[in-house]
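Hello,

Here is the structure you are taking over. My notes on what was found follow below it.

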Amino acid sequence: MLNGKRAVITGSTSGIGMGIARELAANGAQVVINGFGDAAAIEKERVNIELEFDVKAHYINADLTNAQATRDFIEQAVQVMGGIDILVNNAGIQHTDLIEDFPIDRWDMIIALNLSAVFHGTAAALPHMKKQGWGRIINIASAHGLVASPFKSAYVAAKHGVVGLTKVTALENAGNGVTANAICPGWVRTPLVEKQIQAMAAEHKISLDEAAKMLLGEKQPSLQFVTPKQLGGAAVFLASEAADQMTGTSMSIDGGWTAC
């Protein structure tokens, strides 16, 4: 389906990003993965993608909290792959606190990575996509890009910003072959969420399974976690011909969270 396409996925050495990278590769796309982690583990994942899906997979790291480094990263990916067709802006971090107690450095870091990096990556990729008359910007927002929760001021602000930026990107490129859409996942059992489950289990003196059910019960009516593979499938769809006229949308994959 995506044979010959070239995709960059930020924050893709594990979790949601890796799930998306694998699904794009499974459908024929050459991929650049990006992110921090153990060098040997990352190389193993990169090689596995190539062996399993018979596509080229590259690893390029960059400090995406830095504007110029983010733009340079996209240009480096373009050089390595010979172009860029799909950009998945996925990289993100989290911190929870009351607004008045929220550390300034954590606020700045979350806004820089979760929102500003989306802007700078998109700005660097668009000229290449517009020149070739085809491109897909896929932003991984969150249910928190549509609704709020307490203690997550920076994350909610950033993800709402991503949804708004997606709409502007879509409008500015309507009709030129470049689309922009957001995917808004609910709870995904990533290492980030696993920490929240562990904290809940410790606080309430319950098992991890019980804590996971409690977490889901607060927000996600399906009582099931969204999987990285499901999110990867959504990204593949948004990159397909079936989604040629989908742009500026926010696709909720949240077990009913935002239906309430």
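Phe151 lies in the loop between strand 5 (135–140) and helix 5 (153–172); helices (H or I, at least four residues) and strands (E, at least two) are DSSP runs, numbered from the N terminus. This is a predicted model, in which local features need pLDDT of at least 70, side-chain atom pairs count only at pLDDT 80 or more, and totals for chains, interfaces and linings use all residues. Residues are numbered from 1 along each chain as its sequence is written, and side-chain values use heavy atoms, with hydrogens and water left out.

Phe151 is not a glycine, yet has a positive phi of about 75 degrees. Most residues other than glycine have a negative phi. Phe151 is partly exposed, at a relative accessible area of 47% (buried is under 20%, exposed over 50%, partly exposed in between; 1.4 Å probe, protein chains only).

Asp54, also not a glycine, has a positive phi of about 55 degrees. Asp54 sits in the loop between helix 2 (39–53) and strand 3 (57–59) and is exposed, with a relative accessible area of 71%.

As for the whole protein chain, it has eight helices and seven strands. Its radius of gyration is 18 Å, close to the 18 Å that the globule rule gives for 260 residues, so the chain is as compact as a globular protein of that length (taken over C-alpha atoms; the rule is 2.2 Å times the number of residues to the power 0.38). The C-alpha trace spans about 55 × 40 × 35 Å along its principal axes. Of the 260 residues, 49% count as buried.

Regards
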